[in-house]
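Here are my notes for your first read of this model. Keep the structure open and check each point as you go.

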Amino acid sequence: DLPEAWLFTVPYWSYSMTGAENRPHVACFTLDGRTHFLSAFMDWTQSNASEPYCTPYLFDGSMSVHGGVRYRAKTDGARNPCYERFVWSASASPTCCRPSPTRPRRTAR
């Protein structure tokens, strides 16, 4: 139970194509007088999902910063194989918890 906890919206990132209602969040909390930050973002370079979604909440000692991913049926009715990678970050610095998954290595030409 964290008495001093809040969610910070990542202002420049949205999972929605129509607006700002589906934004990832960073969890912020104070512990022993120090502020800490926690984030969990999907690595979009390592995903077979159809779409990510966010359902952040802070309620009665529970907190969620990310919703997850959805696998929708393709036009032939099949779904992609489940393959995901989430990147978790915990730090006393908010800049260390920004979304920054690794980039795939380029092959030599």
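1. Start with Ser39, which is buried at a relative accessible area of 0%. The model is a predicted one, so treat each value here as computed from that prediction. Ser39 is part of strand S3.

2. **What surrounds Ser39.** Which residues does Ser39 touch, leaving aside those up to four places away in sequence? They are Val26, Val65, Val87, Trp88, Ser89 and Cys97.

3. **Strand S3 and strand S2.** S3 covers residues 34-42 and S2 covers residues 25-31. The two pair in the antiparallel sense, over 5 bridges. One place to look is Ala27, whose bridge partner in S3 is Leu38. In a regular strand, side chains alternate between the two faces of the sheet.

4. **Strand S3 and strand S8.** S3 is also joined to S8, residues 86-91. Here 6 bridges link the strands, and they run antiparallel. Find Phe37 and trace its bridge to Ser91 in S8.

5. **The turn.** S2 and S3 form a hairpin, with 2 residues between them. Asp32 lies in the loop between these strands. Is Asp32 buried or exposed? Asp32 is exposed, with a relative accessible area of 75%. Its phi is also worth checking. Phi of Asp32 is positive, near 55 degrees, and the residue is not glycine. Most residues other than glycine have a negative phi.

6. How many disulfides are counted? The count is 0. A disulfide is a covalent bond between the sulfur atoms of two cysteines. Take Cys28 as the test case. Its sulfur lies 8.5 Å from the closest cysteine sulfur, in Cys97, so the two are too far apart for a bond. The cut-off is 2.5 Å between the sulfur atoms.

7. Cys28 counts as buried, because its relative accessibility is 2%. Cys54 is buried too, with a relative accessible area of 9%. The limit for buried is under 20%.

8. **Rings.** Searching the whole structure for aromatic pairs gives 0. Tyr53 does have a charge over its ring, though. The charged end of Arg70 sits there, 4.1 Å from the ring centre.

Methods:
Residues are numbered from 1 along each chain as its sequence is written. This is a predicted model: local features need pLDDT of at least 70, side-chain atom pairs count only at pLDDT 80 or more; totals for chains, interfaces and linings use all residues. Side-chain values use heavy atoms; hydrogens and water are left out. Two strands pair if DSSP finds at least two bridges between them. Helices (H or I, at least four residues) and strands (E, at least two) are DSSP runs, numbered from the N terminus. Rings of Phe, Tyr and Trp (its six-membered ring) pair if their centres lie within 6.5 Å; planes under 30 degrees apart count as stacked, over 60 as edge-to-face and the rest as tilted. A charge sits over a ring if NZ of Lys or CZ of Arg is within 6 Å of the ring centre and within 35 degrees of the ring normal. Buried means under 20% relative accessible area, exposed over 50%, partly exposed in between (1.4 Å probe, protein chains only). Contact means heavy atoms within 4.5 Å.
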